[in-house]
Amino acid sequence: MSKAEVTMEVGNDGVAVITMSNPPVNALALAIIAGLKEKYAEAMRRNDVKAIVVTGKGGRFSGGFDINVFQKVHKTADLSHLPDASIDLLVNTVEDAKKPSVAAVEGLALGGGLEVALACHARIAAPKTQLGLPELSLGVIPGFGGTQRLPRLVGLSKAVEMMRLSKSISSEEGYKLGLVDAVVSSEELLKVSRRWALDIVNKRKPWVRSLHQTDKLGSVSEALEILKISRQQAKKTVPHLPQHQACLDVIEEGIVHGGYSGLLKETKVFNELVLSDTAKGLIHVFFAQRATSKVPNVTDIGLKPRNVKKVAVIGGGLMGSGIATALIISNIYVVLKEVNSEYLLKGIKTIEANVRGLVTKGKLTQDKARKALSMLKGVLDYSEFKDVDMVIEAVIENIPLKQKIFSEIEKICSPHCILATNTSTIDLNLVGEKISSQDRIIGAHFFSPAHVMPLLEVVRTEKTSAQVILDLMTVGKAIKKIPVVVRSCTGFAVNRTFFPYAQGAHFLVNLGVDLFRIDRVISNFGLPMGPFQLQDLSGYGVAEAVGKEFATAFQGRTFESPLVNLLLKNGRNGKQNGRGYYIYEKGSKPRPDPSVLPIIEESRRLANIMPGGKPISVTNQEILEMILFPIVNEACRVLDEGVVVRASDLDITSVLGMSFPSYRGGIVFWADEVGPYYIYTCLKKWSAMYGNFFKPSSYLEQRATKGIPLV
């Protein structure tokens, strides 16, 4: 490991080049911040130094403050781990120095990295450099002066947009906005920056202290109006995230009372936010996502991933066409196989529509879309399979059919070809039971729509080789997914952990709780929609089939609700035919369908679980807990069985696969925040009242009674 250090070289021209080095992204570790102070102090003392250029080693300026420090703060609740960089380093040492500084920026300048550059008196950037302040995505606000300097350089509206959306811009756009003073080639970067610094000394270029600029802020009344609109937008789009409103408050302080006053408030608010539950949750998810790429006995044994250039996808339905789309837009050739011309044409048209949709949303250019579609070939037999690097089977959940396909492709494909299945519930050992290459069988469980959803469950069997696991993880990253390695079991990690979600909701409805109230409670908690609206979306056929799968696998601890079957008999299938729990009309939000109430009453009569035949009385908090605590309970079983590598993998799969609110840190992290003992006692009480569906797992019981966190 290279150590974090700051070096300084003084040239014959009198310019001191101060270089930050902390691979891979030159994060502002405490040692880097201390090194900057030290080198600046030396540069100020030396008579042979006229000006300073600050840069980063290895083609990157800085990826921002080292957020490992936040984890230390969270563990200790001790803010003294945070450096005093905003005033001490960036105002007193850099901005108010008697010698000018120029930032020579390349690759990226994000978060604290950009804030260091903002405190300099000019910024020269290489082409395509990323510039941004993404701190709000971690539950905090820019803490090194970004809330004050960025609006003064690019204007208030653009600065608010960049911070609120955690959106970076290119150096070319930065130049147009006034954030960057010049864009020059990487080869010329240091030379131009040195010359620019000397031009400031010699008064040929302006000496700009960005904290004191006000011309781009407009009048106070205009600025306050922009902030008011931004507040309303934030209230509407991110009501659960306090850092958005806090950031706008801090910006306003600087506009009304001056930049220095804004900096003081920024530091105070930053210190409050860093200890908030939101920051703890989001920072945990950030590290949880990074941890997924480390898999013992796979990523740590010196294996190199093989190149996967061509993939065969079997089945052009909704899932197969989504997978094919994800591959071709990432420059991987796809051979799409279907059983007849009609299905094949339908699959290709779906892929074309997917690609067009990405162009419409601005996620793909026309040129890239054309190139992507040129990488797709449709076939009706296996003749093109001889040279593919991987096959992904995405047909219906039918064991004999999947076994037949795998027997056929094993004979045709090369002996190195990866044999993957997109099954969501079937045990992989059954899928590959009839072939000899057991070590090449792997699950590639995508989530629908596959070209949009970010999670990929990489499902291993006891026999899957480490090489094949590594190869699929690498393909996952290449197609911009987050691959999480899990062991094979019914439902794998996500669907297995969350099977009590819909079942708990049905349990409550059959106990007499209002169905629409349940959905509201879950939405208010932060999930995008409640369990019943989600069921409307996925269709009741899926709900019924999956319910049976789990009832068979986990006998004695599932709840089989009569409601779904009654809905199907009533000719309803949710959003698919416009008749579900909700009414779906084009151009308007789903609204509760009162005609479903008699069906619910019939379900309650058949289920017959209401105590004394009367609806139970529950608070919103109890509704939330009776739905989420059984999920925590199942997560405990998943951890106990070693389905995932680590508890934080379940957190990331819950966030990416089930849209569990990321600011709550994922299902296991949230459970630890609530308290395992409290969850255990609630489940124990409900299991005594309502039966085994709520019975606490032995893992939860052991942890709770011994006071050990679930993680």
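## The largest cavity

In this predicted model, the lining of the largest cavity comprises four nonpolar, two polar and four charged residues. The residues concerned are F499, P500, R557, P630, N633, E634, R637, N692, F693 and K695. Two elements, α20 and α26 (620-640), each give two or more residues to this lining. The greatest contribution comes from α26, with four residues.

The space in the largest cavity amounts to about 60 Å³. The structure as a whole holds three cavities of 30 Å³ or more.

## The second largest pocket

The second largest pocket contains about 1200 Å³ of space. Its lining is made up of 47 residues, and those closest to the centre of the pocket are G63, F65, I67, L138 and F286. Elements giving two or more residues to the lining are α2, α3 (86-95), β5 (108-110), α4 (112-119), α11 and α12 (277-291).

Helix α12 gives the most to the lining of this pocket, namely five residues. By class, 27 of the lining residues are nonpolar, 14 are polar and six are charged.

## Aromatic pairs

The whole structure contains 26 aromatic pairs. One of them joins F70 and F270 in a tilted arrangement, with 5.9 Å from centre to centre and 50 degrees between the planes. F70 belongs to helix α2 (residues 68-76) and F270 to helix α11 (residues 259-274), so this pair ties together parts that are 200 residues apart in sequence. Both phenylalanines, F70 and F270, are buried. The two helices that carry this pair, α2 and α11, are also among the elements that line the second largest pocket.

F499 and F550 form a stacked pair, with 5.0 Å between centres and 15 degrees between planes. Because F499 lies in helix α20 (residues 499-510) and F550 in helix α23 (residues 540-553), the pair ties together parts that are 51 residues apart in sequence. F499 counts as buried because its relative accessibility is 6%, and F550 likewise counts as buried because its value is 3%. F499 is also one of the residues that line the largest cavity.

## An aromatic cluster and charges over rings

One aromatic cluster is formed by F507, F525, F559, F629, F660, W670, Y678, W686, Y690, F693 and F694. The ring of F525 has the charged end of R664 over it, 4.0 Å from the ring centre. A further charge over a ring is found at Y382, where K337 lies over the face at 5.0 Å from the ring centre.

F525 is also part of helix α21 (residues 515-525), in which L515, F516, I518, D519, V521, I522 and F525 are buried. Just after this helix, G526 adopts a positive phi of about 130 degrees.

## Annotated domains

An unreviewed UniProt entry assigns residues 310-488 the annotation "domain: 3-hydroxyacyl-CoA dehydrogenase NAD binding". In the model, this span is 40% helix and 22% strand, and its end C-alpha atoms lie 26 Å apart.

The unreviewed UniProt entry also gives the annotation "domain: 3-hydroxyacyl-CoA dehydrogenase C-terminal" for residues 491-584. This second span is 60% helix and 2% strand, with its end C-alpha atoms 30 Å apart.

## Backbone exceptions

Most peptide bonds are trans, and most residues other than glycine have a negative phi. The peptide bond from P23 to P24 is cis, with omega near 5 degrees. P24 is placed in the loop between β2 (15-21) and α1 (30-45). Another cis peptide bond joins S448 and P449, with omega of about -5 degrees; P449 lies in the loop between β15 (441-446) and β16 (455-460).

Positive phi values also occur in two asparagines. N26 has a phi near 55 degrees and lies in the loop between β2 and α1, the loop that also holds P24. N297 has a phi near 65 degrees and is located in the loop between α12 and β10 (310-314).

Are these two asparagines, N26 and N297, buried or exposed? N26 is buried, because its relative accessible area is 3%. N297 counts as exposed, because its relative accessibility is 56%.

Conventions:
Residues numbered from 1 in each chain as written. Predicted model: local features only at pLDDT ≥ 70, side-chain atom pairs only at ≥ 80, totals over all residues. Heavy atoms only, no water. Phe/Tyr/Trp six-rings, centres within 6.5 Å; stacked < 30°, edge-to-face > 60°. Buried < 20%, exposed > 50% of the residue type's maximum accessible area, 1.4 Å probe, protein only. Lys NZ or Arg CZ within 6 Å of the ring centre and 35° of its normal. UniProt positions renumbered as here; feature names shortened; annotations may be inferred. 1 Å grid on protein atoms, 1.4 Å probe; cavity = no way out; pocket = protein on both sides within 12 Å on 5 of 7 lines; lining within 4 Å. Points joined across faces, edges and corners; volume = space filled by probe spheres on them. Nonpolar A, V, L, I, M, F, W, Y, C, P; charged D, E, K, R; others polar.
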